[in-house]
Amino acid sequence: MEQMTLFDRPTAQPLAARLRPQTLEEFAGQKHLLGEGKVLRRLIEGDQIASMIFWGPPGVGKTTLARIIARRTRAAFIDFSAVTSGIKEIRGVMQQAEDNRRFGEKTIVFVDEIHRFNKAQQDAFLPFVEKGSIILIGATTENPSFEVNAALLSRCKVFVLQALTPEDLTGLMRRALKDPRGFGGQDIALPEGLLERIAVFANGDARVALSTLEMVILNGELDADGRTTVTEDTLEQCISKKSLLYDKGGEEHYNLISALHKSMRNSDPDAAVYWLARMLEAGEDPIYIARRVTRFASEDVGLSDPRALDQAVAAFQACRLIGMPECSVHLTQAVVYMALAPKSNALYAAYEAARRDAAKELSEPVPLHLRNAVTGLMKDVGYGAGYQYAHDFDDKLTAMTCLPDSMADKRYYLPTEQGEEAALGKKLDEIRRWKEEHRAAK
């Protein structure tokens with residue numbers, strides 16, 4: 001028999017590993033999937049697992065669910081890591097699955113962090129999933145729509161796991177204090193509300209919650225009677241600045257900039273500043289945010305307040321000149337200005353409508369009177385004929401049409417009644433009436 005070393009002992013494992021749920025009854029959270037009668041619970045209990053992907057933030061139980069399935073299934077279960085495995089390892093696993101299939105045995109292949117596989121690696125799974133050689137279970141923290149090949153994704157059911165609630169986490173920590181695998185049987189004194197504070201700090205991550213609980217207890221004061229007392233000072237030392245959930249190359253990057261944009265659009269400066277802070281404190285490039293705010297100034301404010309673009313460009317220049325952390329206040333000024341400015345998407349709508357027409361009418365010729373006659377031949381064939389120079393007229397207007405004849409009645413810029421755009425709308429109406437009257441008089 002192989003001798004057990006100190007590092008093999010269960011107590012040498014981190015608390016989160018020792019308390020990893022063994023059954024669905026011990027599993028915390030995900031009631032929308034694992035509550036009585038819910039679809040995933042029925043599939044697991046009935047050993048009717050099909051290919052699926054668990055998508056959710058860290059520490060919510062994706063790998064734990066796979067291991068619970070491994071204990072309950074009658075199929076062969078292969079645990080596979082996307083971090084350490086390549087094409088060669090995939091082919092070896094697939095050959096093993098094929099051998100199992102010939103003997104009438106199903107094979108479940110669990111791939112942790114499936115988003116780390118490239119397209120070629122993911123493609124290696126596809127034919128075996130298609131012919132039923134394997135049942136694939138993938139786990140990912142990234143949006144599978146972006147990270148998993150469409151062909152493979154279409155053959156998998158995606159289950160979305162949610163961040164654990166503070167109630168889920170405090171319940172999990174209370175179990176850790178009573179369970180023999182945790183601190184059961186030990187005399188531990190905790191400050192009032194400690195578990196709730198750790199639950200908030202953990203931000204939905206069971207692993208963070210249990211690791212933090214373990215840290216504060218191991219750093220508590222042990223008296224002669226064997227009682228461990230955790231003080232407020234111990235807690236403060238163990239809970240350092242939280243690492244914000246953010247990946248500048250991942251989905252959360254786009255979620256947060258979307259939240260900022262939509263908060264400004266909805267005239268909510270408080271929410272806008274919060275999402276701005278979330279991005280900056282997580283390390284986002286202020287120049288990226290400044291570019292998006294500059295886009296917003298024309299897309300969502302536009303001519304209802306032309307000064308919005310000035311504010312945005314000034315903030316952009318400030319970010320380039322002085323950087324973080326000083327430029328945070330300049331971005332805050334711009335973001336609050338955008339949130340409180342009158343809103344108009346008339347410029348955005350005008351361009352989108354014109355873009356659609358341009359795509360359909362690419363062959364529409366430029367009217368001759370708008371063309372420059374830069375050669376004698378061009379002048380002879382009519383280039384520039386009939387062009388009217390607006391500055392030569394008292395009203396600085398002419399009745400000349402500037403769109404192709406087939407599009408003469410098109411209207412792209414439709415001013416709103418918001419802010420200064422209302423006055424621009426009235427001016428545009430006057431211009432259009434003047435042109436119609438003078439065209440009719442010809």
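Two strands pair if DSSP finds at least two bridges between them. Strands (E, at least two residues) and helices (H or I, at least four) are DSSP runs, numbered from the N terminus. On that basis, β7 and β8 (residues 228-229) pair in the antiparallel sense over 2 bridges.

This is a predicted model: local features need pLDDT of at least 70, side-chain atom pairs count only at pLDDT 80 or more, and totals for chains, interfaces and linings use all residues. Residues are numbered from 1 along each chain as its sequence is written, and side-chain values use heavy atoms, without hydrogens and water.

**Sheet**
- An open sheet of 3 strands runs in the order β6-β8-β7, with mixed pairing.
- β6 (188-189) and β7 (221-222) are at the edges with a single partner strand each, so one side of each has no neighbour in the sheet.
- Glu 221 stands opposite Thr 229 in β8.

**Nonpolar cores**
- A nonpolar core is a set of buried Ala, Val, Leu, Ile, Met, Phe, Trp, Tyr and Cys residues joined through side-chain atoms within 4.5 Å; buried means under 20% relative accessible area (1.4 Å probe, protein chains only).
- The largest core has 27 residues; Leu 260, Met 264, Ile 289, Val 293 and Met 338 touch the most other members.
- Helices α13 (251-265), α14 (269-281), α15 (286-301), α16 (307-322) and α17 (328-340) each supply at least two residues of this core.
- α15 gives the most, with 8 residues.
- Leaving aside neighbours within four places in sequence, Leu 260 is in contact (heavy atoms within 4.5 Å) with residues including Trp 275, Ile 289 and Val 335.
- A second, separate core of 25 residues includes Ala 202, Leu 210, Ile 217 and Val 230.

Note on methods. Buried < 20%, exposed > 50% of the residue type's maximum accessible area, 1.4 Å probe, protein only.
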